[in-house]
Amino acid sequence: LLFILLAAGSARNKSLTWDEPTFITAGYTYLDKGDFRLNLEAPPLIQEWVALPLWLGNFEPPDYSHPGWENRAQVAFAKDHTLRNRGRLADFVYWARFPIWVLGGCLVIVGAAFCAQLAGPTAALVFALLAALSPNLLAHGRLATTDLGCAALMFGSVWCFWRAIEERRTVDWIILGVVTGLALLAKYTSLLLGPTFLILTLYELSQDKTHMRSILRGGSVAALPLMATLFLGYDFGFGPALYLNGLNAIYSRFTEGYQFYLMGKVYSEPVWYYHLAAFLMKTPEPTILLLGISSWAVVRFPNLRRPAIYLLTPVVLIVGASFFDKANIGLRRILPAYPFLFAFIALAGSEKPCRFCKVLYIGLVAWAALVSTLAYPHYLSYFNVLSGGLSNGPHLLDDSNLDWGQDLPALAEWQSRNPDEPITLRYFGTAAPELYGVNARKMADLEILFPKTGVYAVSAHILTHFRKLAHQTGRPEVDWLTRYRPFDRAGGSIYLYRFP
């Protein structure tokens, strides 16, 4: 309930982010037409999940005569769908995001149940608190996107594998197949469940916790519902073929010559440690310290080692795979690692160390909870204190790490408080600013060099783009982050400049 309340409350005054219209509209067309052409880069399940309330409700459907449908111009087609529902935009956004809030609540419950089985009720409580108050999970657990759904289903799938090994019942293997199939239909990151299960199987065999015959029999039982789930996910079409086509399309639309951005520097090639650096900058300091304490507890208490293997194996694979990621676009790429890390932290709470260690542990958990309160409602733009906090975000990272076009309502509110100051806007996002009451003149390219008198509202991602442009053209005066200082900020991601 706490997770859902924080997600709903913080999402209430946030505009549609860059990917949300595409996911919502694509899911609607999948339910409406059974045609999966629109957004091949992601499997259909979560997109259909977020579109389901809209499809069942009294909302305007997409206009299939729009050229974007035939041309697979997903952004233009989705934008037109959003505009068709402009009269009920708040309801449209609310009901598209609501299913993700439910998934987030389920993740907290499932994670607590897994931790209770691994290490007892104290571990369950610690997990629930850390997950429900995580600014990183809340950042994406309130949006109609696929990242939180992938995290929840991957975590649930590993729990099902644990139960299948522990209980050795046919029904647990069947549930494992279904949940794993759902995870694969959520996002392609879930393909890492394959090597995860292989490593865990080898570990269990080495510890004589199971036998090869049992694994082969259980794997055969799980394979059938897994494949059936994939077929069902594609409306009984040839799911595996469609799935592989989508996998091949993941990077097909990336712009050649794209420049990457990390810690204020511009790179022509992706940086292998990008997501690890983003993790250190966007994860609260107490959470990082708790990971250290938990590592010490696992070394000291041998009974925690088997649960730790289950929790750290997917983390290592998720982070390791990110080293080869050709798209440095956000911490959300490794978001599925967070529930496993929270469960790993929770293990340490199940033991009885010295009194000082116990006080320190409780203090850090309380501190981690406090961080979320302080970050509300700007979870997407959150940076920890050591990295400089929210205001330092554009000097560190770009894209969905801080600015996904979410703060148009905050800009409209600023305008309502300052009605006598016209705004010139350079906005990063697919939502139409006028839908949220923003009345602004569009900033011309020439004004990057020669801004006119007045107030400029510039998205944080655009500011990082200006820095990239300065690097590309060799003209440092284009870099607004270095050249100018904002006088205010709308929300967490739109910076305001005044030129006399």
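**Close-up views of the predicted model**

**Figure 1. Strands β3 and β5 run parallel and are paired through four bridges.** The model shown here and in the other views is a predicted one. Strand β5 comprises residues 454–459, and its residue V458 is the bridge partner of R426. Strand β3 covers residues 423–426, and both of its faces are covered. I423 and L425 are buried on one side of β3, while T424 and R426 are buried on the other. Strand β4 (residues 440–442) is also parallel to β3, with three bridges between them.

**Figure 2. The open sheet has five strands and mixed pairing.** The strand order is β4-β3-β5-β7-β6. β4 and β6 (488–490) are the edge strands, each of which pairs on one side only. With direction ignored, neighbouring strands of the sheet are turned by 35 degrees against each other on average. Strand β7 (residues 494–499) is antiparallel to β5, and six bridges join the two. Here V458 stands opposite Y495, a residue of β7. V458 is also the β5 bridge partner of R426. Helix α20, formed by residues 460–473, lies across β3, β5 and β7. Its direction is at about 90 degrees to that of β5.

**Figure 3. W162 and Y310 form an edge-to-face aromatic pair.** The structure contains 35 aromatic pairs. In the pair shown, the ring centres of W162 and Y310 are 4.9 Å apart and the planes meet at 85 degrees; an angle over 60 degrees counts as edge-to-face, so the pair falls in that class. The two residues come from distant parts of the chain, 148 residues apart: W162 belongs to helix α9 (residues 147–167) and Y310 to helix α16 (residues 305–322). W162 is buried, because its relative accessibility is 6% and the cut-off is under 20%. Y310, at 0% relative accessibility, is buried as well. Both residues belong to one aromatic cluster, together with F114, F127, F155, W159, F161, W173, F197 and F340.

**Figure 4. Helix α7 spans residues 121–132.** The helix has 12 residues and reaches 16 Å from its first C-alpha to its last, close to the 16 Å expected at 1.5 Å a residue. Its buried residues are A123, A124, V126, F127, L130, A131 and A132. An α-helix has 3.6 residues a turn, so residues three or four places apart point the same way. Among the buried residues of α7, F127 is also a member of the aromatic cluster that includes W162 and Y310.

**Figure 5. A183 is a buried residue of helix α10.** Helix α10 covers residues 170–186. The relative accessibility of A183 is 0%. Residues up to four places away in sequence aside, A183 touches L153, M154, S190 and L193. The C-alpha atom of A183 is separated by 6.1 Å from that of C150, a residue 33 residues apart from A183 along the chain.

**Figure 6. E351 is joined to N303 by a side-chain polar contact.** E351 is located in the loop between α17 (337–348) and α18 (355–375). The polar contact between the side chains of E351 and N303 has a length of 2.8 Å. With neighbours within four places in sequence left aside, E351 is in contact with F301, N303 and L304.

Note on methods
Residues are numbered from 1 along each chain as its sequence is written. This is a predicted model: local features need pLDDT of at least 70, side-chain atom pairs count only at pLDDT 80 or more; totals for chains, interfaces and linings use all residues. Side-chain values use heavy atoms; hydrogens and water are left out. The expected span of a helix is 1.5 Å times one less than its number of residues. Buried means under 20% relative accessible area, exposed over 50%, partly exposed in between (1.4 Å probe, protein chains only). Two strands pair if DSSP finds at least two bridges between them. A polar contact is a pair of N or O atoms within 3.5 Å; within protein, one must be able to donate a hydrogen and the other to accept it, and residues adjacent in sequence count only if both atoms are side-chain atoms. Contact means heavy atoms within 4.5 Å. Axes are lines fitted to C-alpha atoms, for helices over the stretch in contact, and angles run from 0 to 180 degrees between N-to-C directions. Rings of Phe, Tyr and Trp (its six-membered ring) pair if their centres lie within 6.5 Å; planes under 30 degrees apart count as stacked, over 60 as edge-to-face and the rest as tilted.
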